[in-house]
Amino acid sequence: MSLSAPPFWQAAPNTSLLAKLLSPLGTIYHHEVQRRLNRADPYRANCPVVCVGNATMGGVGKTPFVRMLASALKASGHTPHILTRGYGGSLPGPLHVESTHTAEEVGDEPVMLARDFPVVVSRNRPAGAKMAADAGATVILMDDGLQNPHIVKDRSLLLVDANSLFGNHEVFPAGPLRERPEAARARSHAVVSVLASEHETTPESLRSFAGEHPVAEAWFTIDEAAIPQGPLLAFCGIGRPERFKMSLVKGGGELVDFRAFPDHHPFKPDELEQLRLDAKTHGARLVTTEKDLMRLAPSQRDGVTAIPGIMRWRGGDEVLRVIEEVL
């Protein structure tokens, strides 16, 4: 089960005593990541690899962004295959995700992505990249792995949450960073500012951080036409649950209750039973995300409506141009 991030990770820089005490450990963590990257002898795949990553722990929208990017590249005549570790799955791979695979076996996000694109799950990224290239991929989209030293990335896109940015600017465990942002930017070719909605804009501090890198803006939205009429009890276990809630309200959903679980949360039968009982009490319908539905067994999906979602962007032409240079 995923754990919630401690509140001091989002405190203003240099204001948390606990963060200051843990800061030396964060320095060690950062240097260990850099040491692994510098000493590695990475595998070069037989087709270009484009990595979609971030500098912080937790979700920032990488998977929906990868799905959107795969659609854009496919529309341009390419054959993208998605390479993922398969977080939460029991099978190490390498394997192609089939319609018979479950979230327990390969993870919820690979099952969702495989509805539209070829997906390879592999904890050993080089082995997964080889499998994808051998299967006919003309470009491999690596979902996460910016800090993975074992494979050459021809292009890397750095996703940054435009609201929380880099939290308290401390490296784990003192803060939410996997490494110092400047190090992640140095290995990247473009920055994607992930907004809470299309009406927001990228803060100047993030544009300044991006420097000469092109900056695109992306945001997640749901299919508002799919929101059922009448009272709704919504639940989800995703990285940014508040965004799903906000999207439902913005789309006209009549929310009577909202339950947030940890990211990738494996729903227990008693939890689902309680949700059903509470929905019945309110005379409401249960709604969740596509990703959460993947973690429910077919027998558990009765009466649960999944609201399809998609990521959109602006300023993406420059990012696509950067990718096309290696294709």
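Select the lining of the second largest pocket: its residues divide into eight nonpolar, three polar and four charged (Ala, Val, Leu, Ile, Met, Phe, Trp, Tyr, Cys and Pro count as nonpolar, Asp, Glu, Lys and Arg as charged, and the others, Gly among them, as polar). A pocket is an open set of points on a 1 Å grid over the protein atoms alone, where a 1.4 Å probe fits, with protein on both sides within 12 Å along at least five of seven lines; lining residues have an atom within 4 Å of a point. The space in this pocket is about 280 Å³, a volume being the space filled by probe spheres set on the points. Of its 15 lining residues, Ser99, His101, Thr102, Val111 and Arg301 are the closest to its centre.

The model is predicted: local features need pLDDT of at least 70 and side-chain atom pairs pLDDT 80 or more, while totals for chains, interfaces and linings use all residues. Residues are numbered from 1 along each chain as its sequence is written, and side-chain values use heavy atoms, without hydrogens and water.

Finally, display Phe65. Leaving aside neighbours within four places in sequence, Phe65 is in contact (heavy atoms within 4.5 Å) with Val52, Leu157, Leu159, Val192, Ala218, Met311 and Trp313.
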